[in-house]
Amino acid sequence: MEEFFQQLTNGLAVGGIYALIALGYTMVYGVLKLINFAHGDLFALGAYLGLTLLTSLGLNSRVGPLAGLALLVVFVTGLVALAGALLERAAYRPLRQSPRLSAVVSALGASIFIQNTIMLIYGSKIHVYPKGILPAVAVNIFGLQVPLVRILVFVVSLLLMAALFAFIQKTRLGTAIRAVAIDQDAARLMGINVDQVIMIVFLIGPGLGGVAGLLVGLYYGQVNFTMGWIYGLKAFTAAILGGIGNIPGAMLGGLILGVIEALGAAYVSVAWKDAIAFLVLIVILIARPKGLLGERVADKI
Amino acid sequence: MNRRMWGIIAFVAAMAAVPFCLNPYQVDVFNNIGLYALLALSLNIILGDAGMYNMGHAAFYAVGAYTAAFLNTQLGIGILWTLPISGILAGLVGLVLARPVIHLRGDYLLIVTVGVGEIVRIALINNVFGVTGGPNGIFGIARPVFFGFKIAKPHEFFFLIWGFVALTVLLFSSLKNSRFGRALDYLREDHVAAEGSGIDTARYQLLAFMLGAAWAGMAGCLYASKMSIISPESFNFWESVVIFIIVILGGSGNIAGVILGAFLIVGLPELFREFKAFSQARMWFFGLAMMIMMVFRTEGILPPRPRVFKDIDRNVS
Amino acid sequence: MGMKRMLLWGCALMCTVLGMGTAWAAEPIRIGLMAPVTGAWASEGEEMRNIVNLLAEELNAQGGLLGRKIEVVLEDDGGDPRTASLAAQRLATQGIVAVVGTYGSSVTEASQSIYDEASILQIATGSTSIRLSEKNLKYFFRTCPRDDDQGRVAAQTIQKMGFKKVAILHDNTSYAKGLADESQALLKKSGIKVVFFDALTPGERDFTAILTKMKSADPEVIFFTGYYPELGLILRQKKEINWTIPVVGGDATNNPDLVKIAGKDAAEGYYFVSPPIPKDLPYEKTRAFLKNYGDKYNGAVPGSIWAVLAGDAFLSITDAIKATESTDVNKMAQYLHKSEHKTSGLTGEIGFNAKGDRVGDVYRVYRVDAAGAFILQEQ
């Protein structure tokens, strides 16, 4: 039983990271119906930018650990958000009126492009974050060993999800985003600047991805240029599982995916865990074709 | 129509000259292009013609390749004889897997096919049923023998692969103008209306999926015979993505476009190989080129022309 | 209809550009180098290239071979079998007499038959999979040892340390699975229980689920056969949950970055078996070479023994050319196969057996100390 709970916490911690990346994924999808395959690579970009700020600029040693960390989050979020907005302008906006899959291929091209940009700048070697920025201690919760950072990652994901949800539901801008998500033309007629709203979505989504990249870098301590691909795919899976376009769905999907992986590894086989996760996903989608929290909308009547 | 015919003739003539004026490496590049063209043509039936998002096509490619390899190395069946068996088995696997998920829409189907692709790959790596050889794969696949003639060199494979491509193009283009092709057009453009007009959409979708999977299986058989060793890493997610890109970038639904897509996606990175100074930046340029091509030709490079029916044509003119 | 023309132009353009590569004069002796310059193993490929280029430069400074200069022709295999088969086809058309490479076993395997059919001598550098040399290929050699060697040394090490229950973890790559299978068989034979045998997914970052599962199987030691990026994280995460079980690993974990990823405190006490790391090579020739290497490449030291073995492959080829005074592949292969032939290489004397495998005991045992240095253990 203790092992079960230990695996559950392992899964929730990993799932928290998936959820964090899935938030950005689902947000972009909700508005543009675009699977932004470059999202994972923007996440990797966040991890690398964080590394540069920490090591080359010595951010941490100049302003002290806590302020340094806060500055780090602000800078990385800002820079990756900027990269996301740039990407939208250059590679997605010209494709907004074209067949949906054209934009997907453009996104795949962007993914290769960003990944190789990182490789050309930083080289193909694995890079390592400086140690000791986040405390490496484990907390004892009901007899379980849980590293403090895992709790932190989990809480940060949860907070960001809640903030994002409140923003979308309660603010004027959030309402505009929802309007654009439902019908761009109608939103335009209501006086909403659609281009601007989409730009904002592309600032928030990739920005969140950047934070996730930074957290992964800080926690696992190791970054490489291909890391975006594997996390991007997991996050996409999580977003679909929860019902893509739905913000609490992304959170739920991420956590469930993490838990399935951990339990699959524990009770079936580590080598088969990804297959098990996909199998569960397929079964869930057969039962609920729009994901767990996705609304059932009639296709076209 | 006339210029179109001339274009095709010129293309075929140029292709026929390839094995006689190029060196083995260059011919091998064309062989790879041919294999991807086959895979993309088979995906085009599913993605371009029937409009089902499939990003796990490598699964069927793998089933075909492993079937051929297993039958050849274990039972000693000539690799070309396994071609139809590979196709049938891959088609059946496609049918069984597609049956429960065919009603899923768009991106949900896309992630399911991604999942299917990954499940197949993981099963291969974990030596499922003890026949796939695990991460090592299957090696020692015999060279194909065609009426007593052993095919081993790139020049010889060129005729096998591109011959099969030509056959596929002939078959698929006549299929496009059949009842089947028209039904797919209809259900892709308007699913509900198609169903309303009495088209059994689920049946046609399944048929399209099966046909595409079967053809990918046969491409897998050719791949196994060419490489003489196959391993799971040759059928990873990225492989499915590449086939997907070829179809969309070339012009989904158009046979000429899909073939052109194969030339660009497989050929371009090889062209960059020539410029040694850029060898590291090969994929960087490739990604950039993909975005630029999509932005400037948003429907793909050679999108299909809208279907024009002859008698209507006559009435108008 | 403009599209048709575009398509034709495209083909024509491709033919011409592809054609350019072949229009070179063939005066120098050309030796191919097939290495993963891009892809996941790009850092290995870079070091391979640097080492072979430097050796060729040194040789050319002494006047080359048979009065001719040596020219190294590099092709990128991308660390992937399909790219490798194209790279091999391409090298085969460029008039090379022999080829050095490559790193990954499955990558080498995809190129073997192409070189064999083209009668080109191939010396692989990091491909340790057993079956590569079991195919009776006349022109295939390798400067690295085989997985069964490594499995034997690893099993002996674990046995000598007195452990009775082992957890084996691999990563489902051809190499790691082979080593895991090999060692499992040997360990079981000597009465040691294997209580856990499973594979992680390379490229992932979180291995806590695996660690938790392994812990409940209650082993006395973990034997890991995969690569250093994953092991670094495993050591680190193992430390985080305060699990103090010793870990022994294979030679793919022999990389200085391991300690950087894991952190010194988590890496301390980790054992691995591997051919000696470059700085422990006790030969005068090697020391001189490493110094030149540092001078040329901004003070860098080759971190990977596999890249050094690429240097040895190059030296074996040039030695064969010199000794046989020819570039005839049959004469060279015959010379290298002879048991009395010994090339003085960077990792000691190099000789090959009839299968083309390197002879002699290459494996050593290392331990990571508190400062994160790899310390050679007494035999």
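In which sense do strand E2 and strand E3 of chain A pair, and over how many bridges? Strand E2 (residues 138-141) and strand E3 (residues 144-147) of chain A pair in the antiparallel sense, over four bridges. Strands (E, at least two residues) and helices (H or I, at least four) are DSSP runs, numbered from the N terminus. Two strands count as paired if DSSP finds at least two bridges between them. Asn140(A) stands opposite Gln145(A) in E3(A). E2(A) and E3(A) form a hairpin, with two residues between them. In that turn, Phe142(A) has a positive phi of about 50 degrees.

The model is predicted; local features need pLDDT of at least 70, side-chain atom pairs count only at pLDDT 80 or more, and totals for chains, interfaces and linings use all residues. Residues are numbered from 1 along each chain as its sequence is written, while chains are lettered from A and ligands numbered from 1 in the order in which they are written.

The model scores ipTM 0.88 and pTM 0.87. For chain C, pLDDT (the predictor's confidence in each residue, from 0 to 100) averages 87. In this chain, 93% of the residues score at least 70. Residues 17-26 of chain C stay under 50. For this stretch the model has ten contacts beyond four places in sequence. Two residues are in contact if their C-beta atoms, placed from the backbone, lie within 7 Å. Where pLDDT is low, the predicted coordinates should not be read in detail.

Chains A and B touch. In chain B, 35 residues are in contact with 35 residues of chain A. Three helices of chain B each give two or more residues to this side: H5 (106-125), H10 (237-251) and H12 (282-296). The residues on the chain B side divide into 23 nonpolar, eight polar and four charged. Here Ala, Val, Leu, Ile, Met, Phe, Trp, Tyr, Cys and Pro count as nonpolar, Asp, Glu, Lys and Arg as charged, and the others, Gly among them, as polar.

Chain C is divided into domain 1 (27-145 + 283-350) and domain 2 (148-274). These bounds come from an automatic or database domain assignment. The C-alpha centres of the two domains lie 30 Å apart. Nine residues of domain 1 are in contact with ten residues of domain 2. The domain 1 side of this contact has three nonpolar, six polar and no charged residues.

One open sheet of chain C has five strands, in the order E2-E1-E3-E4-E5, and its pairing is parallel. Strand E2 (70-76) and strand E5 (140-142) are the edge strands, and each pairs on one side only. The twist averages 25 degrees from one strand to the next. Within this sheet, strand E3 (residues 98-100) and strand E4 (residues 121-124) pair over three bridges. Val100(C) stands opposite Ile123(C) in E4(C).

Helices lie across these strands. Helix H4 (residues 105-117) of chain C lies across strand E1 (29-35), E3, E4 and E5, running at about 165 degrees to E4(C). Helix H12 (residues 305-324) of chain C lies across E1, E2, E3 and E4, at about 160 degrees to E3(C). Axes are lines fitted to C-alpha atoms, for helices over the stretch in contact, and angles run from 0 to 180 degrees between N-to-C directions.

Ala320(C) is found in helix H12 of chain C. Ala320(C) counts as buried because 26 C-beta neighbours lie inside 10 Å. A residue is buried with 20 or more other C-beta atoms within 10 Å of its own, exposed with 12 or fewer, and partly exposed in between; C-beta atoms are placed from the backbone. Beyond four places in sequence, Ala320(C) is in contact with Met332(C), Tyr335(C) and Leu336(C). Tyr335(C) is placed in helix H13 (residues 329-337) of chain C. Tyr335(C) has 19 other C-beta atoms within 10 Å, so this residue is partly exposed. Among the residues that Tyr335(C) touches are Ala323(C), Thr324(C) and His341(C).

A second open sheet of chain C has seven strands, in the order E7-E6-E8-E9-E10-E13-E14, with mixed pairing. Strand E7 (193-199) and strand E14 (374-376) stand at the edges. Each has a single partner strand, so one side of each is left without a neighbour in the sheet. The twist averages 25 degrees from one strand to the next. Strand E6 (residues 165-170) and strand E8 (residues 221-224) of chain C pair in the parallel sense over four bridges. Leu169(C) stands opposite Phe224(C) in E8(C).
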